[in-house]
Amino acid sequence: MGGARDVGWVAAGLILAAGACYCFYKLTRGRRRGGRRLRLRPSRSAEDLTSGSYDDTLNAEQVQKLLYLLESTEDPIIMERALVTLGNNAAFSANQIVIRELGGIPIVGSKINNPNQSIKEKALNALNNLSVNVENQIKIKVQVLKLLLNLSENPAMTDQLLDAQVDSSFLSLLDGHVPKEILLRALTLLQNITNCLSEERRLATQPAFPAGSLFSLLYGKECAQKMKALVHHHDADVKEKVTMIPKF
């Protein structure tokens, strides 16, 4: 039971971050993302970087070694230490860029699906620090939605998701101009939750969730208006996805 509560708490935090992160990205983006993606390479000394002796900012080569270690190891202790070191170094603006250019965001993001709660939390902390950089934010939105989608497919998690307190900015994910990849994921999240409620025949009985919860947001007037607008979206996949959601 405690594990389910922990996951629900993490989900609530992710939901709050999702809309706010995308809103901030929209307000601050002014240039196209560019940059190169460097190739990762192995290093025998990579584990030394997690020993705690590297308190200063890592250079690009050290970050590269650490990301390779995180991607290749299955040892939970080493994985957790690598995430802690990356999270600490992601607090520095220079490394926020380096980690992105080395392809580190999806590597770190993949760990939020790890069943180990401590690893999940360390990954979330690293992503939080990386999200200070504007160009990193859109990539981290994607990672957040992947986890939320996984949670939404589990009927046992429906109440925890719907009970989470959510800022209205979350609905910005359903704006028509949102990138297709993000929009489809947000719609799939709504579809999964609606399907879980429909299977339990709970939508008709209007389950009790507090004001400001994800439920009140997704099944309120503003969301309904956004969904009606998406019926006329220019992309056929988006329109089809809207029609697959029973309530809309």
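Buried means under 20% relative accessible area, exposed over 50%, and partly exposed in between, computed with a 1.4 Å probe and protein chains only. The legends below describe a predicted model, in which local features need pLDDT of at least 70, side-chain atom pairs count only at pLDDT 80 or more, and totals for chains, interfaces and linings use all residues. Residues are numbered from 1 along each chain as its sequence is written, and side-chain values use heavy atoms, with hydrogens and water left out.

**View 1. The whole chain.** The chain holds 12 helices and 0 strands; helices (H or I, at least four residues) and strands (E, at least two) are DSSP runs, numbered from the N terminus. Of the 248 residues in the chain, 49% are buried. Contact means heavy atoms within 4.5 Å. Among contacts between residues at least 6 apart in sequence, 74% join residues at least 24 apart.

**View 2. Gln-96 in helix 4.** Gln-96 lies in helix 4, which covers residues 93–101. Is Gln-96 buried or exposed? Gln-96 counts as buried because its relative accessibility is 5%. Leaving out residues up to four places away in sequence, Gln-96 touches Ala-90, Ala-91, Asn-129, Leu-130, Val-132, Asn-133 and Asn-136. The buried residues of helix 4 are Asn-95, Gln-96, Val-98, Ile-99 and Arg-100. Their cover includes helix 2, helix 3, helix 5, helix 6 (117–130) and helix 7 (134–152). Just after helix 4, Gly-103 has a positive phi of about 75°.

**View 3. Helix 2 and its cover.** Helix 2 has 13 residues and spans 18 Å from its first C-alpha to its last, close to the 18 Å expected at 1.5 Å a residue; the expected span is 1.5 Å times one less than the number of residues. Gln-62, Val-63, Gln-64, Leu-66, Leu-67, Leu-69 and Leu-70 of helix 2 are buried. These buried residues pack against helix 3, helix 4 and helix 5 (104–109).

**View 4. The crossing of helix 2 and helix 3.** The axes of helix 2 (residues 60–72) and helix 3 (residues 76–89) come within 9 Å and cross at roughly 145°. Axes are lines fitted to C-alpha atoms, for helices over the stretch in contact, and angles run from 0 to 180 degrees between N-to-C directions. Helix 2 passes helix 3 in a left-handed crossing, a term used if the near helix is turned anticlockwise from the far one by less than a right angle. Helix 2 contributes Leu-66, Leu-67, Leu-69 and Leu-70 to the contact, and helix 3 contributes Ile-78, Met-79, Ala-82, Leu-83, Thr-85 and Leu-86. By class, this contact has 9 nonpolar, 1 polar and no charged residues; Ala, Val, Leu, Ile, Met, Phe, Trp, Tyr, Cys and Pro count as nonpolar, Asp, Glu, Lys and Arg as charged, and the others, Gly among them, as polar.

**View 5. Leu-217 in helix 10.** Leu-217 is part of helix 10 (residues 214–218). With a relative accessibility of 12%, Leu-217 counts as buried. Apart from neighbours within four places in sequence, Leu-217 is in contact with Val-166, Asp-167, Ser-168, Phe-170, Leu-171 and Cys-223.
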